[in-house]
Amino acid sequence: MATIAAHPSSHPVSPATEEKERALIAWLRARGSALLGFSGGVDSAYLASVALDALGAERFLGVIGRSPSYPEEQRREARAVAERFGIPVIELDTEELQDPSYTANPTNRCYFCKSELWGRLVPVARDRGFSAVIDGTNADDRSDYRPGAAAAAELDVESPLAAVGLTKDEIRVLSRRRGLSGWDRPASPCLSSRIPYGTAVTADRLRRIEAAERAVRALGVTGDLRVRYHGELARVELSRGELDRWLAPEESRRLRAAVLSAGFARVAIDLAGFRSGSLNVLGGVTAG
Amino acid sequence: MSAPTLESALRAVGIRCTVEAVDRLAVIVPDDSEAGLATVRGRREALRLIGAHGFTHLALELPGEPADRAPLHRD
């Protein structure tokens with residue numbers, strides 16, 4: 001069994017959170033080996049780091065699912081994290097955009113995406129002899145509307161972070177202690193989440209959204225950012241602390257030009273600022 | 001939920017604009033001299049009004065040349 005690496009202790013962690021990390025290590029070791037759906041986000045990067053320590057590189061594998069709904073920037077970050085920490089990873093293409101049930105963009109769109117993802121990863125785990133397939137769902141996620149969780153459950157994909165009760169805030173604290181550079185990175189759900197339910201998901205729309213967000217980031221926008229798709233109009237959600245800056249005339253012109261360069265015809269700033277699950281609210285979807 | 005009614009309510013509190021509705025999103029197109037929404041107070045007032053008129057989201061269109069404007073569409 002692998003030895004748990006020592007990690008810097010300059011960032012205090014509460015005893016309750018420490019206990020959850022110990023429980024996570026025990027959970028992983030009880031499985032013996034694991035294959036992780038690895039996005040490179042805060043949760044899966046932390047889980048990969050712990051799993052690598054707990055299981056060793058021979059008994060752990062992260063898999064990145066590539067598709068037009070997964071930002072290229074995030075893929076690069078995932079690879080960088082893996083390289084820095086020695087996390088074994090492979091990449092697989094997923095084809096959710098070939099599934100009309102997915103591209104029709106129903107409120108349970110994530111179910112079809114995760115069915116495709118896990119439908120490809122579970123056979124890989126079986127072929128390579130991994131005893132568990134795991135994801136980075138955390139304890140907070142269970143209160144949100146997440147139809148993708150049903151697809152995971154159907155294929156016996158397990159969620160160890162949620163199983164031991166680790167919340168997002170706790171994962172950030174533990175990630176920081178481990179030296180994971182993205183510990184404070186904003187959440188980054190797939191690009192399809194920027195398209196209102198009922199509006200078709202297409203590769204071209206995803207490309208425009210990704211290009212617009214990249215262009216806005218290049219202006220120096222920090223914190224949460226979403227470019228929501230409303231046909232020719234892009235609705236930009238920024239952290240509230242950024243609103244005053246980007247509503248000022250000169251900066252708003254730069255922001256508008258950046259978004260227009262991605263192929264939108266009109267640009268608007270959401271005056272309430274960023275809201276997680278914003279389009280769930282617009283579409284009248286609630287957790288359940 | 002009515003864009004013209006919301007527009008009237010916004011004008012009544014001094015925010016000069018037109019409003020387009022996309023589902024429950026209200027898109028404000030400001031008149032040329034409108035600056036009320038640049039302040040936190042103005043935004044708070046506008047957000048209060050959209051809730052009262054059945055909208056859930058409020059976005060301010062960033063002004064460009066009139067020729068830039070294309071109609072909103074959904075499919």
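Tutor: A residue is buried if 20 or more other C-beta atoms lie within 10 Å of its own, exposed if 12 or fewer, and partly exposed in between, with the C-beta atoms placed from the backbone. Before we use that, note that this is a predicted model, in which local features need pLDDT of at least 70, side-chain atom pairs count only at pLDDT 80 or more, and totals for chains, interfaces and linings use all residues. Residues are numbered from 1 along each chain as its sequence is written, while chains are lettered from A and ligands numbered from 1 in the order in which they are written.

Student: Thanks! Why is Thr137(A) called buried?

Tutor: Thr137(A) has 24 C-beta neighbours inside 10 Å. The definition asks for 20 or more, so Thr137(A) counts as buried.

Student: Where does Thr137(A) lie, and what is it in contact with?

Tutor: Thr137(A) sits in the loop between S4 and H6 of chain A; helices (H or I, at least four residues) and strands (E, at least two) are DSSP runs, numbered from the N terminus. Two residues are in contact if their C-beta atoms, placed from the backbone, lie within 7 Å. Leaving aside neighbours within four places in sequence, the partners of Thr137(A) are Ala149(A), Ser159(A), Leu161(A) and Ala162(A). Leu161(A) is 24 residues away from Thr137(A) in sequence, with 6.3 Å between the two C-alpha atoms.

Student: What makes Asn105(A) worth a look?

Tutor: Its phi is positive, about 60°, although Asn105(A) is not a glycine. Most residues other than glycine have a negative phi. Asn105(A) is in the loop between H4 and H5 of chain A, and with 20 C-beta neighbours inside 10 Å it counts as buried.

Student: Is Asp23(B) buried or partly exposed?

Tutor: Partly exposed, because Asp23(B) has 18 C-beta neighbours inside 10 Å. Asp23(B) also has a positive phi, near 55°, in a residue other than glycine, and it lies in the loop between strand S1 (17-22) and S2 of chain B.

Student: Why is H2(A) described as largely enclosed?

Tutor: Because 13 of its 14 residues are buried, H2(A) is largely enclosed by the rest of the structure. This helix, residues 42-55, reaches 20 Å from its first C-alpha to its last, close to the 20 Å expected at 1.5 Å a residue. That expected span is 1.5 Å times one less than the number of residues. Just after H2(A) comes Gly56(A), with a positive phi of about 90°.

Student: What span does H5(A) reach, and what is expected?

Tutor: H5(A), residues 109-128, has 20 residues and reaches 29 Å, close to the expected 28 Å. Its buried residues include Tyr111(A), Phe112(A), Leu117(A), Trp118(A) and Leu121(A). Among the elements covering them are strand S1 (34-37), strand S2 (60-66) and helix H6 (148-154) of chain A.

Student: How do you know that the radius of gyration of chain A agrees with a compact globule?

Tutor: The radius of gyration is taken over C-alpha atoms, and the globule rule is 2.2 Å times the number of residues to the power 0.38. For 288 residues the rule gives a value near 19 Å; chain A has 19 Å, so the two agree. Along its principal axes the C-alpha trace spans about 60 × 45 × 35 Å. Buried residues make up 44% of chain A.

Student: Which domains does chain A have?

Tutor: Domain 1 (15-178) and domain 2 (191-282); such bounds come from an automatic or database domain assignment. Their C-alpha centres lie 27 Å apart, and 14 residues of domain 1 are in contact with 16 residues of domain 2.

Student: What makes S7 of chain A and S3(B) a strand pair?

Tutor: Two strands pair if DSSP finds at least two bridges between them. Three bridges join S7 (residues 266-270) of chain A to S3(B), and the strands run antiparallel, so the pair meets the definition. Within it, Ala268(A) stands opposite Glu61(B).

Student: How many residues does each chain give to the contact?

Tutor: Chain B gives 25 residues and chain A gives 21. On the side of chain B, the elements giving two or more residues are strand S2 (25-30), helix H2 (40-52) and strand S3 (57-61). The largest share, five residues, comes from S3(B).
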